Amino acid sequence: PDLIARVVASDLRPTAVLGGLDRERLSAMCGSFGLKSSGAKAELVARLVEFYDDLTFELRETKDEREAWYS
């Protein structure tokens, strides 16, 4: 969380940060998120950026207690 906060505060583009990593590290990151882990470095970076773009950090309110238990 601290690293993410520092990256966000620095105004660096995610592609710039991820582009500094080697292909093996990017592949491992994709694999850990269940993403396809093969392809060129640019493809791996694009997959990770897309994955993070889809995440939401908003508090969700629900009336279904099963959803709370699942979370």
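The dialogue below sets computed values against the definitions of the terms.

Tutor: This is a predicted model, in which local features need pLDDT of at least 70 and side-chain atom pairs count only at pLDDT 80 or more, while totals for chains, interfaces and linings use all residues. Residues are numbered from 1 along each chain as its sequence is written, and side-chain values use heavy atoms, with hydrogens and water left out.

Student: How many helices and strands are there in the chain?

Tutor: The chain has 5 helices and 0 strands, and its elements run α-α-α-α-α from the N terminus on. Helices (H or I, at least four residues) and strands (E, at least two) are DSSP runs, numbered from the N terminus.

Student: Why is Leu48 called buried?

Tutor: Buried means under 20% relative accessible area, exposed means over 50%, and partly exposed lies in between (1.4 Å probe, protein chains only). Leu48 has 0% relative accessibility, and therefore counts as buried. Its place is in helix α4.

Student: What does Leu48 touch, not counting residues up to four places away in sequence?

Tutor: Contact means heavy atoms within 4.5 Å. By that criterion Leu48 touches Leu18, Leu26, Met29, Cys30, Phe33 and Leu35. Leu48 and Thr15, 33 residues apart in sequence, have a C-alpha to C-alpha distance of 9.1 Å.

Student: Why does Ala46 count as partly exposed?

Tutor: Ala46 is also placed in helix α4, but its relative accessibility is 44%, so it counts as partly exposed.

Student: What makes the buried residues of α3 line one face of the helix?

Tutor: The buried residues of α3 are Leu26, Ser27, Met29 and Cys30. Seen down the helix axis, they fall within an arc of 160°, so they line one face of α3. The arc is that of the directions from the helix axis to the C-beta atoms. On the other side of α3, Glu24, Arg25 and Ser32 are exposed. The cover over the buried residues of α3 includes α2 and α4. Just after α3, Gly34 takes a positive phi of about 80°.

Student: Why are Ser27 and Ser38 put in their accessibility classes?

Tutor: Ser27, found in helix α3, has a relative accessible area of 15% and is therefore buried. Ser38 lies in the loop between α3 and α4; its 37% relative accessibility is why Ser38 counts as partly exposed. Leaving aside neighbours within four places in sequence, Ser27 is in contact with Ser37 and Leu44, and Ser38 is in contact with Arg23, Leu44 and Arg47.

Student: How do you know that α1 is hardly covered?

Tutor: The count of buried residues among the 8 residues of α1 is 0, and α1 is accordingly described as hardly covered. Just after α1, Asp11 takes a positive phi of about 65°. Across the chain of 71 residues, buried residues make up 14%.

Student: What volume does the largest pocket have, and which residues are closest to its centre?

Tutor: The volume is about 670 Å³. Of its 18 lining residues, Ile4, Val7, Pro14, Val17 and Tyr52 are the closest to the centre. The elements giving two or more residues to the lining are α1 (2-9), α2 (14-19), α3 (23-32) and α4 (41-54). On a 1 Å grid over the protein atoms alone, a pocket is an open set of points where a 1.4 Å probe fits, with protein on both sides within 12 Å along at least five of seven lines; lining residues have an atom within 4 Å of a point. Grid points are joined across faces, edges and corners, and a volume is the space filled by probe spheres set on the points.

Student: How many residues of each class are in the lining of the largest pocket?

Tutor: The lining has 15 nonpolar, no polar and 3 charged residues. Ala, Val, Leu, Ile, Met, Phe, Trp, Tyr, Cys and Pro count as nonpolar, Asp, Glu, Lys and Arg as charged, and the others, Gly among them, as polar.
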